[in-house]
Amino acid sequence: MATNDGVVVQTSPLRKVGRYALLAFILLWCLFPFMWLIDTSLKLGDAALNSPSLSQGPFGLDNYRSVFDQGFGYNLRNSAIVAGTTTIVCITIGSLAAYALARLPLKGKVLILSAILAVALFPSVALVPPLYELWLNLGLLNTYPGLYIPYTAFTLPLTIFILTTFYASIPKDLEEQARVDGATAFQAFYKIVLPLAAPGVFAAAIIVFVYAWNEFLLSSTFAPRDLAAQTVPVAIAAFTGSVEFQRPIGTVTAACVIVTIPMIIGTLILQRRITAGLTAGAVKG
Amino acid sequence: MSATTVAERAPTVGGKKSLSDSALARFFLSPSVLVMALVAAFPIFYAIILSLYVYQGRLREGFGGLENYTEALSSSRFWDAVQATFIFTVSSVSAEFLIGLGFALIMRQVFIGRGITRASILVPWVIPTVIAAQLWYFMFSVTPGFVNYALGLDRFNWLGQPGWAMFSIVFADVWKTAPFVALLLLAGLQTIPDEMYESARVDGATTWQRFWYITMPLLKPAILVALLFRTIDALRVFDLPQVMTGGSFNTESLSILVQRYVVQTPNPGLGSALSTLTFIIVLIIGVLFVRALGRDFVLNVEDE
């Protein structure tokens, strides 16, 4: 019985069918809940609550209108600003740190990397009571910096791990040649290493953005209601009806679809880069 | 070393070296270290200080020493949260590992459709956990009751009873994260050279033997890294129980409990004591894991 562990060897047709059936199962696992989400968000009125059947109408776009009537546009704006700022700050300072760790002479590298790893393993909930007190005194509750400052601190370890791996994979010769020709270490980094590491930087940026976009514990504590800073996940969790059992299914699912569709399209387009970044850092975003 | 004094200034443009390499290294590292020290390390010490004071609501009443810790450790609510967190962590991480490994092994063996599978496997990962929570909340709810409909059950209340409520939360987490584990393990699988399987096959090894004596040992580093980060992540679970059950029916995790004493019934002293205890628990488990992984995990970043 020949099995196929990556090399093309003749395989019995039955095994082949079995394998593709399993592959179809993986696809279904990953994608079916979204089909259901889209289907439910299009059901009008009570139809979504009354029948589990996928084809039970009437269908329409009313839920989408009511999502934006509840100020969801502000939430999208807030999330974009917070996640965008986190990404820019984190990548800027993280890429410098990673270059120092990958290429420059430094005493106590192991110690620094261990400290960075410690922050990566940090439970963010440990920061909730002390940071709440600090933000209260500094007036940072319900503001953008109140969110992107801790997000930056939490995404830095991951960024540094990913970028250190990418920098280390760039051949040293080019850089050394530039140094021989009289470039400073900073110029070698800025003009040679950074452009070559662009794919890695981009991968790290996507992962940081996704983390900041999805974060819920800190955002629901530091900016729970105020539309001036409330982010998308907090808004989606807050779409609750008067009674717990009457969560407005249509609005919630429509809001979920609005957020999810661009993210899925982006993921499909950027798949290779995201995979490279995730497996380089081997860490969850 | 003499160049340390100019480390803070921007390097001069031109061929001349204005900074020594090690000074530049420190200069490059300093913003990151500063941010992590101020936002991650400092608040931990601040939390320890806060936890030593007694509060009535948000009002400080005076120094209480370890009073908050005695209160936390003697409350059944704390131990219930510890229990819920551990049940969630052990069951979700083990299910995610087994399913993730299965997915990775299938994906390695299949050629047609691999690209689309690799792309769609990222979809549950990219979705905000809050959305996954709402999605599965409605799936498991009695109305519309899609899970009951699919299983042929009649109005079974998944989210409204102890045990099954936790099951639903674990299920949602496994759905979202097993594909991610698969992605990490697949990357590990692809570093195993095909020749090893070839020669094992020539030597007459069965599929099971090849899996057990080649795949598993060589995949061990990837497995340990995936387990480490999944375990730490699971211990701080918040989004799923918060949205799916609000912490009722024995699903109140440590993160939810701590957040309660910040938002619902504010008490900076007790809240900080609880967050410090949570920090210590996660820290101990993290240290145990990293010790099991060995120093190579930290070092492999360095030796290129």
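Helices (H or I, at least four residues) and strands (E, at least two) are DSSP runs, numbered from the N terminus. Keep in mind that this is a predicted model.

**Exercise 1. Which peptide bond is cis, and where is P144(B) found?**

The bond to pick out runs from T143(B) to P144(B), with omega near 0°. As for the place, P144(B) belongs to the loop between α6 (129-140) and α7 (146-151) of chain B.

**Exercise 2. Work out how α7(A) packs against α1(B), from geometry to residues.**

Step one is the geometry: α7(A) and helix α1 (residues 21-51) of chain B pack at an angle of about 130°, and their axes are 9 Å apart. Step two is to name the arrangement: α7(A) and α1(B) are therefore oblique to each other. Angles over 145 degrees would count as roughly antiparallel, and 65 to 115 as roughly perpendicular. Step three is the hand, and the crossing of α7(A) and α1(B) is left-handed.

Step four is the residue list. From α7(A) come I149(A), P150(A), T152(A), A153(A), L156(A) and I160(A), which meet S32(B), V35(B), M36(B), V39(B) and A40(B) of α1(B). Sorted by class, this contact has 9 nonpolar and 2 polar residues, with no charged ones.

**Exercise 3. Now zoom out: how many residues of each chain are in contact, and which helix of chain A gives the most?**

Count both sides: 93 residues of chain A touch 88 residues of chain B. On the chain A side, helix α1 (residues 13-41) gives the most, with 12 residues.

**Exercise 4. Describe how chain A is divided into domains, and how the two parts meet.**

First, the bounds: domain 1 of chain A covers 13-60 and domain 2 covers 64-281. Their C-alpha centres lie 31 Å apart. In the contact between them, 8 residues of domain 1 of chain A meet 7 residues of domain 2 of chain A. On the domain 1 side, α1 and α2 (47-50) of chain A each supply at least two residues, and the largest share, 5 residues, comes from α1(A). By class, the domain 1 side holds 5 nonpolar, 2 polar and 1 charged residues.

**Exercise 5. Compare two helix pairs: what are the angle and hand for α1(A) with α13(A), and for α8(B) with α10(B)?**

Take chain A first. The axes of α1(A) and helix α13 (residues 249-269) come within 8 Å and cross at roughly 125°. The two helices α1(A) and α13(A) are therefore oblique, and their crossing is left-handed. Residues in this contact include F34(A), L37(A) and I38(A) of α1(A), along with T253(A), V257(A) and T260(A) of α13(A). The class tally for α1(A) with α13(A) is 7 nonpolar, 5 polar and no charged residues.

Then chain B. The axes of α8 (residues 164-189) and α10 (residues 207-235) of chain B come within 8 Å and cross at roughly 155°. That makes α8(B) roughly antiparallel to α10(B). Here the crossing is right-handed. Among the residues in contact are V181(B), L184(B) and L185(B) of α8(B), and L219(B), I223(B) and R230(B) of α10(B). The contact of α8(B) with α10(B) has 9 nonpolar, 2 polar and 1 charged residues.

**Exercise 6. In which sense do β1(B) and β2(B) pair, and what partners V54(B)?**

Strand β1 (residues 53-56) and strand β2 (residues 59-63) of chain B pair in the antiparallel sense, over 4 bridges. Follow V54(B) across and you land on its bridge partner G62(B) in β2(B). To finish, look at the turn: β1(B) and β2(B) form a hairpin with 2 residues between them, and G57(B) there has a positive phi of about 65°.

Terms used. Residues numbered from 1 in each chain as written. Chains lettered and ligands numbered in written order. Predicted model: local features only at pLDDT ≥ 70, side-chain atom pairs only at ≥ 80, totals over all residues. Domains from an automatic or database assignment. Nonpolar A, V, L, I, M, F, W, Y, C, P; charged D, E, K, R; others polar. Axes fitted to C-alpha atoms, helices over the stretch in contact; angles between N-to-C directions. Parallel < 35°, antiparallel > 145°, perpendicular 65-115°, else oblique. Left-handed = near helix turned anticlockwise from the far one by under 90°. Pairing = 2+ DSSP bridges.
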